[in-house]
Amino acid sequence: MTALPEFIYQGSVKDIRGVRGESPYVFEFSDRYSIFDWGVMPDQLHKKGESLAFMAWFFFDYLGNAKNWKNWEAPKGFAKSSTLERFQGGGVPHHMLALVSHDLKPVSHEREVVTPTRCLTVEPVEVTPPTATQKRGKLVWDYTHYQSKPENALVPLEVIFRFGVPEGSSLLKRTGDAEYCKAIGLKSAPKPGDRFDTPVIEMSTKLEESGDRYISYDEAAKIAGLSAKELAALKDTAALVALRLKDLFADLGIELWDGKFEFAFTQADEKGNRGFMLVDSIGPDELRLIYDGVHLSKEVLRGFYRPTAWHDNIAVAKKQAEERGEKDWKHICIEEMKSYPPVLAPTVKERVEMMYMGLCKALSAKHCTQPIFADAWDLDRVANAFKKKEAA
């Protein structure tokens, strides 16, 4: 039996295995979870790793298949998009290779019986974090590397899309600035509950150790070394992928409100403009999904922790770290404030586990030969469980 390769990187949620710089890498999704940039939390969620691996495979496979774009009716304004034309001809480029078992054999969801796996093979891409220096007590990040126009390299940005503004959305913190509203295509500041026919696209940093920062399109282009054409193509790609996912989820009765994508640069064309491929993962950890008024995403975990003292202390620790010009706010929370996240209530833990597996079951029942996690709760049962008043 072939053993999994050695670790290249061990993250909060998934581990990366392989030989550095050689294809393939193996994404091994774990049962761990992370919220509020804390890293590994005290609980593990049964079958979360298998759930995330399946959904990552499913979305890359679905979006990368041209047939899922050819007969799709794009919203007004995108029907003549050159990006859409490319997707209709060859699907969305991505770095996923295959869903594999622990002996690295491909797993097919066209078989009658499917054994869930937590491993996904991918083509590696170069990742070059910016370096940080302190200037006048503040961290300043150096992105000089990206001015060399790297190819087959991670874009150092998260691209965020929004179809609406749920209560508490962070978008509301930024849209008091009329210029920012105009830049992202809003005529005026939105209100909680507003919905958008086409997604609002925002961008944030991705690789800064102190945490992600929302930035303007101009700053995003500057730090990532994007030409004007590349920036437009990146926004267009994110919007179209978001719209296609929105319709995919709508067929299951699920509303897609917002989410984030990660991309890598592909090779440049004859004019020096690079393309983009989807990388990393897509699933409920990256998307805000609502079914029958209930969140089917990491938001249910955030909701459990927001009323805790630990959550309040995180905000204090982050502010203190920023004031000191330090990267490690978590150290302040642990060492100085003696604050740690509590464990999940048992009923919450079970509901979250069934949320992940229930999403897989719904997607596979509609799009695969056999449903995965056939014994998992249906989405109606998941939603009803979260609606119950008792917390534990």
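In which strand is the place of Ser204?

Modeller: Happy to! This is a predicted model, so local features need pLDDT of at least 70 and side-chain atom pairs count only at pLDDT 80 or more, while totals for chains, interfaces and linings use all residues. Residues are numbered from 1 along each chain as its sequence is written, and side-chain values use heavy atoms, leaving out hydrogens and water.

Ser204 sits in strand 10, which covers residues 195–205 (strands are DSSP runs of E with at least two residues, helices runs of H or I with at least four, numbered from the N terminus). With a relative accessible area of 2%, Ser204 is buried (buried is under 20%, exposed over 50%, partly exposed in between, using a 1.4 Å probe and protein chains only). Beyond its neighbours within four places in sequence, Ser204 is in contact (heavy atoms within 4.5 Å) with Pro156, Leu157, Glu158, Ile160, Asp212, Arg213, Tyr214 and Ile215.

Now look at the loop between helix 5 (178–183) and strand 10, where you will find Lys191. Lys191 counts as exposed because its relative accessibility is 53%. Setting aside residues up to four places away in sequence, Lys191 touches Val165 and Leu172. Between Lys191 and Gly164 there are 9.4 Å in space, C-alpha to C-alpha, although the two are 27 residues apart in sequence.
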